[in-house]
Amino acid sequence: MSTPSELLADIERVGRDHGRGGYSRHVFETPEHELREWFVEQAARRGLEVVPDGNGNLWAWWSGPGVSGPGEGAVATGSHLDSVPGGGEFDGPLGVVSALSAVDRLRAEGFRPGRPLALVVFAEEEGGRFGLPCLGSRLAAGTVAPERVLGLRDDSGTTLAEAMRAAGKNPDHTGPDESNLARVSRFLELHVEQGRGLVHRQRPVGVASTMLAHGRWRFRFTGQGNHAGATPLGDRRDPMLPASLLVAEARRVAANHDDARATVGRIQPLPSGTNVIAASVDVWLDARAHTDADTRGMVDELHRRAGVLAAEEGCSVRLSEESYSDTVSFDGSLRDELTTMLDAPELPTGAGHDAGVLAARMPTGMLFVRNPTGVSHAPEEHAEPADCDAGAEALATVLRRWSR
């Protein structure tokens, strides 16, 4: 029987980012492809039937007595293997390895599911390559149209469609996945906690209650590219100035909303030369709050402020929405069942997850494993082996009950 920590050790060398620290594992690139192959091998060792879908997701099926392959009323669990640039070791993979470990625990006691059980690896959950988070689950659930996303480009100019073809997948097969989703009755995702709620509660495992409304927006400031030395300050239309001021404005605006968050983690000037005044600057904003109104209200306020800042420098600004997810309240009866079954506390999450996307299609829930650092999306992200074991045991407990 493999523990989550042992399985994580199997893949700890894959996708290490020696420049940023941590891991960079982006969809359809070599490290993420290596992790996919590893998962397929691990599933096969456990006698699971792996069936890729048309959206880059992997479904590994464990069928019960008298059940041949995927069937109705199935139970699903899983997470993702991709990462943000320079991300931590646990975000995503912990949910995948815990699912494998839970299967090991159930097999060791001689359990056979009475209904099909699926272990799922979702593609591009972080949006680290093509900018749209939860891409695989959004496509499967039909919340984003294939024609919108297949033309998305990564930093090298490669489109999603081109990346899929290079990985041996047919982009013509992307889109709503009724063949799998219609079979699933419940979905449960285990994830490392992205915060210190469980540390404060002194508990190893918790149950998610709600998920903040959140999205990504891009502000494009356009001015006049010019020479850094030959252009007097009074003659400049420098888009970097309003772009940089917007970063501080984001913090100020978020502070005026209850428990809201607004973050600029990426700025891209064009042409990006040390002795060049930029012609344009893209600023990506991540905004989150407890309600749709608060989240969109922050963005609207920042858009107005960006227009003023741009005009003061003789520049223009354009805003585009790249992704958005409304507030998610996880299924109440399922949540109550989990907290009672596991004697675990409830806590909200400020992060987005595939379980939040699927919540519109089926009852979904989430388990969190304690993170002593409270840090996530960074190399300092952590979970102790004993807490990882507790998470896998909790997951096995739930799967045993649900798949009888």
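Modeller: Let us begin with histidine 191, which counts as buried because its relative accessibility is 1%, and buried means under 20%. This is a predicted model, and in it histidine 191 is found in strand E5, residues 184-192.

Biologist: Which residues does histidine 191 touch, if those up to four places away in sequence are not counted?

Modeller: Histidine 191 then touches Ser79, His80, Asp91, Gly92, Leu94, His353, Met366, Leu367, Phe368 and Val369.

Biologist: Why is histidine 33 called partly exposed?

Modeller: Histidine 33, which is found in helix H2 (residues 30-45), has a relative accessibility of 38%; buried means under 20% and exposed over 50%, so a value in between counts as partly exposed.

Biologist: What makes arginine 335 count as buried?

Modeller: Arginine 335 has 18% relative accessibility, and the cut-off for buried is under 20%, so the label applies. This arginine 335 is found in helix H11, residues 332-342, and, leaving aside its neighbours within four places in sequence, it is in contact with Val207, Ala208, Ser209, Phe330 and Glu346.

Biologist: What makes the approach of the side chains of arginine 335 and glutamate 346 a polar contact?

Modeller: The side chains of arginine 335 and glutamate 346 are joined at 3.3 Å, and a polar contact asks for a pair of N or O atoms within 3.5 Å, one able to donate a hydrogen and the other to accept it. The side chain of arginine 335 also reaches the backbone oxygen of phenylalanine 330, at 2.6 Å.

Biologist: Why are H9 and H10 called roughly antiparallel?

Modeller: Helix H9 and helix H10 (residues 292-312) pack at an angle of about 150°, and their axes lie 10 Å apart. Angles over 145 degrees count as roughly antiparallel, and that makes H9 roughly antiparallel to H10. The contact includes Pro242, Leu245 and Leu246 on the side of H9, and Met298, Glu301 and Leu302 on the side of H10.

Biologist: What else does helix H9 pack on?

Modeller: Helix H9, residues 240-255, packs on a sheet, where it touches E7, E9 and strand E11 (280-289), and its direction makes about 175° with that of E9. The sheet in question is an open one of 4 strands in the order E9-E11-E7-E12, with antiparallel pairing.

Biologist: What makes strand E9 and strand E12 the edge strands?

Modeller: Strand E9 (261-270) and strand E12 (316-325) each pair on one side only, and they are the edge strands.

Biologist: Why is serine 272 called exposed, while glutamate 124 is called buried?

Modeller: Serine 272 has 55% relative accessibility, glutamate 124 has a relative accessible area of 0%, and exposed means over 50% whereas buried means under 20%, so each label follows. Serine 272 sits in the loop between E9 and E10, and its phi is positive, near 70°; glutamate 124, in the loop between strand E4 (117-122) and helix H4 (135-141), has a positive phi of about 50° although it is not a glycine.

Definitions and conventions:
Residues are numbered from 1 along each chain as its sequence is written. This is a predicted model: local features need pLDDT of at least 70, side-chain atom pairs count only at pLDDT 80 or more; totals for chains, interfaces and linings use all residues. Side-chain values use heavy atoms; hydrogens and water are left out. Two strands pair if DSSP finds at least two bridges between them. Helices (H or I, at least four residues) and strands (E, at least two) are DSSP runs, numbered from the N terminus. Contact means heavy atoms within 4.5 Å. Axes are lines fitted to C-alpha atoms, for helices over the stretch in contact, and angles run from 0 to 180 degrees between N-to-C directions. Buried means under 20% relative accessible area, exposed over 50%, partly exposed in between (1.4 Å probe, protein chains only). Angles under 35 degrees count as roughly parallel, over 145 as roughly antiparallel, 65 to 115 as roughly perpendicular and the rest as oblique.
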